[in-house]
Amino acid sequence: MSQSTRGWAQLLGGIWQPRIRGARLRSFRTRLQHSLALPNPKARSFGFYANQPSQEGHDTLVVAGIDLGSNSFHMVLVREEADGRVHVLDKIKSPVRLAAGLTKDRELEEPAQERAIEALERFAQRLKDLPDAAVRAVGTNTMRQIKNGEDFLERAQEALGHEIDIISGPEEARLIYLGVSQSSYYEGPRMVMDIGGGSTEFIIGEGLAPKLRDSLYMGCVSFTKNYFPKGRITEKSFRAAELAAQREILSISGRYKRLGWTRATGSSGTLKAVDSVLRAHNWSHEGITLEGLNKLKTELIQTKRADKIQLQGLDSDRAPVFAGGVAIVRAAFTILDISVMDVSEGALREGVAYELLGRASKGGVHDETVNVFAKRYKVDLEHAGKVEKTALELLNQVLSLWDMHQQRSEKFLRWASLLHEIGLSISYSGHHKHAGYLVRHSEMPGFSREQKNMLATLLENQRRRFRLKPYERLPIDLRLFAQELTVLLRLAILLNRARGDNGSPQPQVTEAKEGHLSLSFPEGWLDEHPLTQADLTEEATALNRIDFDLSFQ
């Protein structure tokens, strides 16, 4: 019985080990696609979006930015005219309160899941005429924490009809700043604050460029849940919430005060609600002030219960989590010595939409990030370029044979080629592991969690023994794709090992199918280069670990 046949027999018999190898992985992927009607995983976008998503036959471009927050889900649809003008077409909000359904064990309760799925199904109705490249949805703090996140994410993506990127706190802060700066431009240094349901982001930037960004684990939903249980609002509970928030903010206050700002701006629901209430009650006429916040705090304590809050300018769906948000705002004003804060209409969802339009960076945020890493870790750019050239030439020969998506494959191979030696900055020994660690545990603007895991997996397996554990961190439908990219990267590195001007000739692919690759070199070349021949022999042995057959002549 062949390895492939054994894989099918084991799967059909209900036997599937956690570590999926080679043919068994391919069999599982095929079976999964048939049973769940999943699209070809190699056609997945991985969160990459063209600067100008194609909408043929139209002079305008419509994109959708979706923020799956811990308190509310938001969607904004934006249209860019042919002359560059941008208009907001629609905004949709659904108060899901995802964070309220997160247990102490970080399991997401079923009622919270159902609220989220219902909201996403409503969003999907509005998105049905938009291509995938014109839609981006991002998950924030609560979705980062969910222990059963993979199962919920699969349900959520099916309901929305589009992929969902789980982004880090600092990446969330970057996109928030982009949304604010594009919606209300300010040339000088500005501090932006955004209070979500589970986290609060602080950013200092100038113009369109963020310089300092942090995400703190405190939000209006989590603070209300922890300090105002059952909606009870007292002087004591307010003081406890403020002290907890002050301790969090104190950890970043020194850096922010040293850098400084001349304008403070708030974004998103809590700060917009605070501003609205202060103006409606004539407690402030110039934005959010500490004097106005003091009056608001007094009013909330006198009300005693969240379900009794009746403030002009406050939406009913905001009232249950309003006290927790106000405590965080007052703590920020106290620790950061904020005198007045204006409020922007732009936020995370707008930042996502503007980035889809390519208004943030002509070169692409991902590429800029990789270039910064290459410079930081003093990459040998000439050698990296040779590895990239070989990898892409191999890719072009197997694209159709392996059914690979060209743009996605090229991007990952380019990035991996450029960064494959960053681990040398730590040590030559195990430098492939160091490279993967640096990518996996560093902030990389523009990269989602899944993208970072994919890139780190390629780097960790660029040489020596194949490590299967990194592949297990990837969604099942991406593992084969990751292994095939890894094979191409490893061969490109191997063939450029000499680092000289006269590198190896580009081998010709004579046969390629799933789990197999045959290469042909010019006649006599391998005999004249026994070290390369030995390396290829050793590589063929290493690839057997993933049931991949490499032959060459």
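Strands β6 (residues 189-195) and β7 (residues 200-206) pair in the antiparallel sense over seven bridges, where pairing requires at least two bridges found by DSSP between two strands. Within this pair, M193 has F202 of β7 as its bridge partner. The model is predicted, so local features need pLDDT of at least 70 and side-chain atom pairs count only at pLDDT 80 or more, while totals for chains, interfaces and linings use all residues. Residues are numbered from 1 along each chain as its sequence is written, and side-chain values use heavy atoms, with hydrogens and water left out.

β6 and β7 belong to an open sheet of six strands in the order β8-β7-β6-β9-β11-β10, with mixed pairing. Its edge strands, β8 (209-216) and β10 (288-289), each pair on one side only. In general, strands of a sheet pair through backbone hydrogen bonds, either parallel or antiparallel.

The protein chain as a whole has 21 helices and 14 strands; these are DSSP runs numbered from the N terminus (helices H or I, at least four residues; strands E, at least two). Of its 553 residues, 56% are buried, that is, under 20% relative accessible area with a 1.4 Å probe, protein chains only. Contacts are defined by heavy atoms within 4.5 Å. Among contacts between residues at least 6 apart in sequence, 70% join residues at least 24 apart.

Helix α13 (residues 365-376) has 12 residues, which at 1.5 Å a residue should span 16 Å, and its end C-alpha atoms are 16 Å apart, in agreement. The expected span is 1.5 Å times one less than the number of residues. V365, H366, T369, V370, F373 and A374 of α13 are buried. The cover over these buried residues includes α6 (169-183), α12 (348-356), α14 (381-398), α15 (406-419), α16 (431-441) and α17 (449-460). Just after α13, K378 takes a positive phi of about 55°.

The second largest pocket holds about 530 Å³ of space. A pocket is an open set of points on a 1 Å grid over the protein atoms alone, where a 1.4 Å probe fits, with protein on both sides within 12 Å along at least five of seven lines; lining residues have an atom within 4 Å of a point. Grid points are joined across faces, edges and corners, and the volume is the space filled by probe spheres set on the points. The lining of this pocket comprises 19 residues, of which Y428, R463, I493, L494 and R497 are the closest to its centre. Helices α19 (479-495) and α21 (530-543) each supply at least two lining residues, and α21 gives the most, with four.

Conventions. Buried means under 20% relative accessible area, exposed over 50%, partly exposed in between (1.4 Å probe, protein chains only).
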